[in-house]
Amino acid sequence: MNSDISAVLFDERELKKRICELGTELSKAYFDKNPVLICILKGSVVFLSDLMRHITVPIEIDFIRISSYDASTKSSGVITLKMDVKTNIENRHVVIVEDIIDTGLSIVFLREHLSSFKPESIVVCALLDKPEAHLVDIDIEFKGFEIGNEFVVGYGLDFDEKYRNLPFIGILKKEVYIEPQ
Ligand code: PRP
């Protein structure tokens, strides 16, 4: 697996430091709000699992599964809801926990979908953001790192379901996903 990676973008130490900071920020912002952290499956599961252990105030968690990518590195642009939240989030404070924001279309879909349950508030906490790839204007209230347009894998992020279990975030070699001409 590691031989498919051209460079490590964030190693385990850098990820832990930034996620600890995000946990502190969220703990301050939500100390009396008992927020529901909604993990966007599958990619965000590793991020949620580390982030929640750096939050020192009461929280609840739930999961939602959407999909915008098939076995490709480009968003299809069509978001499909594959599994919905189970928690009643009416009048609750919601934190959407995302591993990566690319086009931003998933966040637009999620904010609209979750708003239909009438929560008190919705914010986004994203580990990675690719501003150059945005196709829509979006607000990201809590952000780990901004990155360029490289295709990254590891720490939950996949290509064709592989590499999610890498403990770091790395850039995938182009030859892994680009067919030779
Ligand atoms: C990825 C990622 C985000 C979304 C971001 O999920 O986890 O949810 O794409 O892309 P966007 O900003 O262009 O909408 P994916 O559909 O690959 O599913 P996965 O989390 O199961 O890998």
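User: Which residue of strand 6 stands opposite Ile101?

Analyst: Strands are runs of E, at least two residues, in DSSP, just as helices are runs of H or I of at least four residues, and both are numbered from the N terminus. Two strands pair if DSSP finds at least two bridges between them. In this predicted model, Ile101 stands opposite Asp129 in strand 6. Strand 5 (93-101) and strand 6 (residues 121-129) run parallel and are joined by eight bridges.

User: What should I know about the numbering and the model before we continue?

Analyst: Residues are numbered from 1 along each chain as its sequence is written, and side-chain values use heavy atoms, with hydrogens and water left out. Because the model is predicted, local features need pLDDT of at least 70 and side-chain atom pairs count only at pLDDT 80 or more, while totals for chains, interfaces and linings use all residues.

User: How many bridges join strand 2 to strand 5?

Analyst: Four bridges join them, and the two strands run parallel. Within this pair, Val36 stands opposite Val94 in strand 5.

User: How many residues of strand 5 are buried?

Analyst: A residue is called buried under 20% relative accessible area, exposed over 50% and partly exposed in between (1.4 Å probe, protein chains only). Strand 5 is mostly covered, with nine of its nine residues buried.

User: Which strands stand at the edges of the open sheet?

Analyst: The open sheet has three strands in the order 1-9-8, with antiparallel pairing. Strand 1 (5-10) and strand 8 (152-153) stand at its edges; each has a single partner strand, so one side of each is left without a neighbour in the sheet. Strand 1 pairs with strand 9 (residues 169-172) in the antiparallel sense over four bridges, and Ile5 stands opposite Leu172 in strand 9.

User: Which residues come nearest to the ligand?

Analyst: A residue is near a molecule if one of its heavy atoms lies within 4 Å of it. There are 18 residues around the ligand, of which Glu98, Asp99, Thr103, Gly104 and Ser106 come nearest. Strand 5 gives the largest share of this shell, four residues; helix 3 (105-115) also supplies at least two.

User: Is Ser44 buried or exposed?

Analyst: Ser44 is buried, with a relative accessible area of 0%. This residue lies in the loop between strand 2 (36-41) and helix 2 (45-51). The side chains of Ser44 and Glu98 are joined by a polar contact of 3.4 Å. Contact in general means heavy atoms within 4.5 Å; beyond its neighbours within four places in sequence, Ser44 is in contact with Cys39, Val97, Glu98 and Asp99.

Definitions and conventions: Polar contact = N/O pair within 3.5 Å; in protein donor to acceptor, adjacent residues only side chain to side chain.
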